[in-house]
Amino acid sequence: MKIAAVHVGLVLITISMVTGCVVADDGSFDDEDTAESAEALGGNPDPCATGTNPNFTSAQLTAVGASDTYVRSYQWIDSICPASGQDRATTIVDFPVPSYYQHQTPETYSFVVQPSFWGSSSTSWSDASQAISDCEDTKMATRVQRWDSATSQFVQLTYKEQAGAWVWDNPLTGRGHCSTPVFLYYHENYGTAQQVATNKYRVRTWATQPDGSHATVWITGNHTGL
(Lines give C-alpha, C1' and ligand atoms only; values in the text may rest on other atoms or scores of the structure.)
Protein backbone atom coordinates (compact mmCIF):
# COMPACT_ATOMS: atom_id res chain seq x y z
CA MET A 1 0.00 0.00 0.00
CA LYS A 2 1.36 3.40 -0.98
CA ILE A 3 0.16 6.67 0.49
CA ALA A 4 0.18 9.77 -1.66
CA ALA A 5 -0.86 13.20 -0.44
CA VAL A 6 -2.53 15.67 -2.78
CA HIS A 7 -2.52 19.28 -1.65
CA VAL A 8 -5.04 21.51 -3.40
CA GLY A 9 -4.69 25.18 -2.58
CA LEU A 10 -5.17 25.31 1.18
CA VAL A 11 -6.87 21.93 1.41
CA LEU A 12 -5.08 18.66 2.17
CA ILE A 13 -6.53 15.46 0.74
CA THR A 14 -4.90 12.12 1.55
CA ILE A 15 -5.38 9.26 -0.91
CA SER A 16 -4.50 5.59 -0.41
CA MET A 17 -3.57 3.63 -3.48
CA VAL A 18 -2.15 0.24 -4.30
CA THR A 19 -0.18 1.10 -7.42
CA GLY A 20 0.76 4.08 -9.51
CA CYS A 21 1.07 7.68 -8.40
CA VAL A 22 -0.94 10.82 -8.64
CA VAL A 23 -0.08 11.68 -11.52
CA ALA A 24 6.78 34.88 -17.51
CA ASP A 25 5.40 37.53 -15.96
CA ASP A 26 6.73 34.16 -15.99
CA GLY A 27 10.02 36.02 -16.01
CA SER A 28 10.17 35.30 -12.30
CA PHE A 29 12.52 32.55 -13.46
CA ASP A 30 15.06 35.31 -13.89
CA ASP A 31 15.39 35.65 -10.12
CA GLU A 32 18.08 33.42 -8.66
CA ASP A 33 17.55 31.46 -5.45
CA THR A 34 20.55 32.34 -3.31
CA ALA A 35 21.43 32.58 0.36
CA GLU A 36 18.47 30.50 1.49
CA SER A 37 18.40 28.20 4.45
CA ALA A 38 18.71 24.52 3.63
CA GLU A 39 15.62 24.06 5.77
CA ALA A 40 12.35 24.14 3.87
CA LEU A 41 10.60 27.48 3.72
CA GLY A 42 6.88 27.45 4.23
CA GLY A 43 5.41 24.02 4.93
CA ASN A 44 1.67 24.51 4.67
CA PRO A 45 0.27 25.34 1.22
CA ASP A 46 0.55 29.05 0.41
CA PRO A 47 -0.92 29.64 -3.06
CA CYS A 48 0.01 33.34 -2.90
CA ALA A 49 3.66 32.97 -1.85
CA THR A 50 5.91 35.75 -3.09
CA GLY A 51 9.60 36.20 -3.86
CA THR A 52 11.35 32.84 -3.92
CA ASN A 53 9.28 31.31 -1.12
CA PRO A 54 7.70 27.99 -2.13
CA ASN A 55 3.96 27.63 -2.50
CA PHE A 56 4.31 24.27 -0.83
CA THR A 57 6.95 22.09 0.86
CA SER A 58 6.23 18.38 0.70
CA ALA A 59 6.81 15.78 3.37
CA GLN A 60 10.26 14.22 3.03
CA LEU A 61 10.27 11.60 0.27
CA THR A 62 11.95 8.98 2.40
CA ALA A 63 10.66 5.54 1.45
CA VAL A 64 10.75 4.14 -2.06
CA GLY A 65 7.29 4.77 -3.46
CA ALA A 66 6.71 7.95 -1.46
CA SER A 67 4.84 10.58 -3.45
CA ASP A 68 3.49 14.06 -2.82
CA THR A 69 1.47 16.35 -5.10
CA TYR A 70 0.62 20.04 -4.91
CA VAL A 71 -2.14 21.54 -7.06
CA ARG A 72 -2.28 25.29 -7.62
CA SER A 73 -5.51 26.38 -9.27
CA TYR A 74 -5.60 28.98 -12.02
CA GLN A 75 -8.01 31.05 -9.89
CA TRP A 76 -5.22 31.74 -7.39
CA ILE A 77 -2.77 32.67 -10.15
CA ASP A 78 -5.03 34.85 -12.30
CA SER A 79 -7.34 36.57 -9.83
CA ILE A 80 -7.20 35.80 -6.10
CA CYS A 81 -3.49 36.44 -5.49
CA PRO A 82 -3.11 39.43 -7.84
CA ALA A 83 -6.08 41.08 -6.14
CA SER A 84 -3.95 41.34 -2.99
CA GLY A 85 -0.80 42.40 -4.83
CA GLN A 86 0.72 38.92 -4.84
CA ASP A 87 0.96 38.28 -8.55
CA ARG A 88 3.76 35.72 -8.93
CA ALA A 89 2.59 33.39 -11.70
CA THR A 90 5.40 30.89 -11.18
CA THR A 91 4.50 28.03 -8.84
CA ILE A 92 7.34 26.77 -6.62
CA VAL A 93 7.34 23.45 -4.75
CA ASP A 94 10.13 22.06 -2.56
CA PHE A 95 10.65 18.31 -2.07
CA PRO A 96 12.95 17.40 0.86
CA VAL A 97 14.78 14.06 0.57
CA PRO A 98 17.12 12.12 2.90
CA SER A 99 20.56 13.69 3.28
CA TYR A 100 22.36 10.34 3.39
CA TYR A 101 22.44 7.03 1.52
CA GLN A 102 19.73 4.95 3.16
CA HIS A 103 20.69 1.77 1.33
CA GLN A 104 24.36 2.47 0.56
CA THR A 105 23.37 3.25 -3.02
CA PRO A 106 22.10 6.38 -4.82
CA GLU A 107 18.33 6.81 -4.85
CA THR A 108 16.30 8.15 -7.77
CA TYR A 109 13.54 10.75 -7.72
CA SER A 110 11.14 11.86 -10.42
CA PHE A 111 9.23 15.09 -10.87
CA VAL A 112 6.09 15.53 -12.94
CA VAL A 113 4.28 18.73 -13.91
CA GLN A 114 0.89 18.22 -15.52
CA PRO A 115 -1.08 21.40 -16.26
CA SER A 116 -4.82 21.28 -16.88
CA PHE A 117 -4.72 22.63 -20.42
CA TRP A 118 -7.88 23.18 -22.44
CA GLY A 119 -6.48 21.44 -25.49
CA SER A 120 -7.88 21.98 -28.97
CA SER A 121 -9.12 19.88 -31.85
CA SER A 122 -10.56 20.20 -35.33
CA THR A 123 -13.25 18.23 -37.11
CA SER A 124 -12.65 19.68 -40.59
CA TRP A 125 -10.38 22.04 -42.49
CA SER A 126 -12.71 24.94 -41.69
CA ASP A 127 -11.71 24.97 -38.00
CA ALA A 128 -8.23 23.45 -38.26
CA SER A 129 -6.31 26.72 -38.58
CA GLN A 130 -7.64 28.17 -35.31
CA ALA A 131 -7.20 24.86 -33.48
CA ILE A 132 -3.57 24.59 -34.60
CA SER A 133 -2.90 28.19 -33.54
CA ASP A 134 -4.43 27.53 -30.10
CA CYS A 135 -2.30 24.41 -29.78
CA GLU A 136 0.91 26.30 -30.54
CA ASP A 137 -0.08 28.96 -27.98
CA THR A 138 -0.47 26.35 -25.24
CA LYS A 139 2.80 26.74 -23.33
CA MET A 140 4.68 25.84 -20.19
CA ALA A 141 8.18 26.13 -18.75
CA THR A 142 9.71 24.15 -15.90
CA ARG A 143 12.95 24.35 -13.97
CA VAL A 144 14.22 21.69 -11.53
CA GLN A 145 16.91 22.65 -9.03
CA ARG A 146 18.76 21.00 -6.16
CA TRP A 147 19.85 22.64 -2.93
CA ASP A 148 23.65 22.88 -2.65
CA SER A 149 24.57 23.07 1.01
CA ALA A 150 28.17 24.02 0.22
CA THR A 151 27.14 27.29 -1.43
CA SER A 152 23.71 27.76 0.20
CA GLN A 153 22.15 28.12 -3.24
CA PHE A 154 19.82 26.25 -5.52
CA VAL A 155 21.65 24.77 -8.52
CA GLN A 156 19.88 24.12 -11.80
CA LEU A 157 19.47 20.52 -12.91
CA THR A 158 17.28 21.11 -15.97
CA TYR A 159 15.11 23.73 -17.65
CA LYS A 160 12.59 23.05 -20.38
CA GLU A 161 10.15 25.18 -22.37
CA GLN A 162 7.32 23.32 -24.09
CA ALA A 163 4.35 24.02 -26.34
CA GLY A 164 1.47 21.99 -27.67
CA ALA A 165 2.16 19.70 -30.63
CA TRP A 166 -0.48 19.26 -33.32
CA VAL A 167 -1.41 15.69 -34.31
CA TRP A 168 -3.35 14.92 -37.47
CA ASP A 169 -5.93 12.19 -36.96
CA ASN A 170 -7.06 12.42 -40.59
CA PRO A 171 -5.22 15.02 -42.68
CA LEU A 172 -7.50 14.38 -45.65
CA THR A 173 -10.54 15.68 -43.79
CA GLY A 174 -8.74 18.18 -41.55
CA ARG A 175 -9.44 16.28 -38.33
CA GLY A 176 -6.75 16.54 -35.65
CA HIS A 177 -6.03 17.34 -32.03
CA CYS A 178 -3.48 19.03 -29.79
CA SER A 179 -1.07 16.95 -27.74
CA THR A 180 -0.63 19.21 -24.72
CA PRO A 181 2.75 19.31 -22.95
CA VAL A 182 3.63 17.43 -19.77
CA PHE A 183 6.97 17.62 -17.96
CA LEU A 184 8.84 14.59 -16.54
CA TYR A 185 12.36 14.51 -15.10
CA TYR A 186 14.41 11.87 -13.23
CA HIS A 187 17.45 12.52 -11.05
CA GLU A 188 19.82 10.14 -9.29
CA ASN A 189 20.81 11.74 -6.00
CA TYR A 190 24.53 11.05 -6.18
CA GLY A 191 27.23 13.46 -5.05
CA THR A 192 30.21 11.40 -3.98
CA ALA A 193 30.67 7.87 -2.72
CA GLN A 194 30.06 9.20 0.79
CA GLN A 195 27.59 12.00 0.23
CA VAL A 196 24.33 12.60 -1.63
CA ALA A 197 24.07 15.53 -4.02
CA THR A 198 21.20 17.24 -2.22
CA ASN A 199 18.68 17.07 0.58
CA LYS A 200 16.05 19.12 -1.23
CA TYR A 201 14.73 19.54 -4.77
CA ARG A 202 12.85 22.55 -6.05
CA VAL A 203 10.41 22.59 -9.00
CA ARG A 204 9.45 25.95 -10.55
CA THR A 205 6.83 26.09 -13.28
CA TRP A 206 4.25 28.17 -15.13
CA ALA A 207 1.71 27.18 -17.76
CA THR A 208 -0.52 29.32 -19.97
CA GLN A 209 -3.62 28.70 -22.05
CA PRO A 210 -3.92 29.99 -25.65
CA ASP A 211 -5.53 33.25 -24.48
CA GLY A 212 -2.67 33.99 -22.07
CA SER A 213 -4.52 33.02 -18.89
CA HIS A 214 -2.85 30.46 -16.62
CA ALA A 215 -3.58 26.77 -16.29
CA THR A 216 -4.00 24.88 -13.05
CA VAL A 217 -0.75 23.00 -12.36
CA TRP A 218 -0.27 19.61 -10.72
CA ILE A 219 3.29 19.14 -9.42
CA THR A 220 4.34 15.71 -8.15
CA GLY A 221 7.55 14.45 -6.59
CA ASN A 222 8.19 10.70 -6.39
CA HIS A 223 10.83 8.55 -4.73
CA THR A 224 11.03 6.13 -7.61
CA GLY A 225 13.66 3.62 -6.52
CA LEU A 226 17.23 2.70 -5.70
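Which residues line the largest pocket? The views below are of a predicted model, in which local features need pLDDT of at least 70, side-chain atom pairs count only at pLDDT 80 or more, and totals for chains, interfaces and linings use all residues. Residues are numbered from 1 along each chain as its sequence is written, and side-chain values use heavy atoms, without hydrogens and water.

**View 1. Lining of the largest pocket.** Ser99, Arg146, Trp147, Asp148, Ser149, Ala150, Gln195, Val196, Ala197, Thr198 and Asn199 form the lining. Four are nonpolar, five polar and two charged. Here Ala, Val, Leu, Ile, Met, Phe, Trp, Tyr, Cys and Pro count as nonpolar, Asp, Glu, Lys and Arg as charged, and the others, Gly among them, as polar.

**View 2. Ring pair of Trp147 and Phe154.** Rings of Phe, Tyr and Trp (its six-membered ring) pair if their centres lie within 6.5 Å; planes under 30 degrees apart are stacked, over 60 edge-to-face, the rest tilted. The count is eight aromatic pairs. The centres of Trp147 and Phe154 lie 4.9 Å apart with planes at 75 degrees, so this pair is edge-to-face. Both residues are buried (under 20% relative accessible area; exposed is over 50%, partly exposed in between; 1.4 Å probe, protein chains only).

**View 3. Ring pair of Trp166 and Trp168.** Centres are 5.7 Å apart and planes at 80 degrees, so the pair is edge-to-face. Trp166 is buried at 18% relative accessibility. Trp168 is partly exposed at 34%.

**View 4. An aromatic cluster.** Ring pairs link Phe95, Tyr109, Phe111 and Tyr201.

Terms used:
On a 1 Å grid over the protein atoms alone, a cavity is a set of points where a 1.4 Å probe fits but cannot get out, and a pocket is an open set with protein on both sides within 12 Å along at least five of seven lines; lining residues have an atom within 4 Å of a point.
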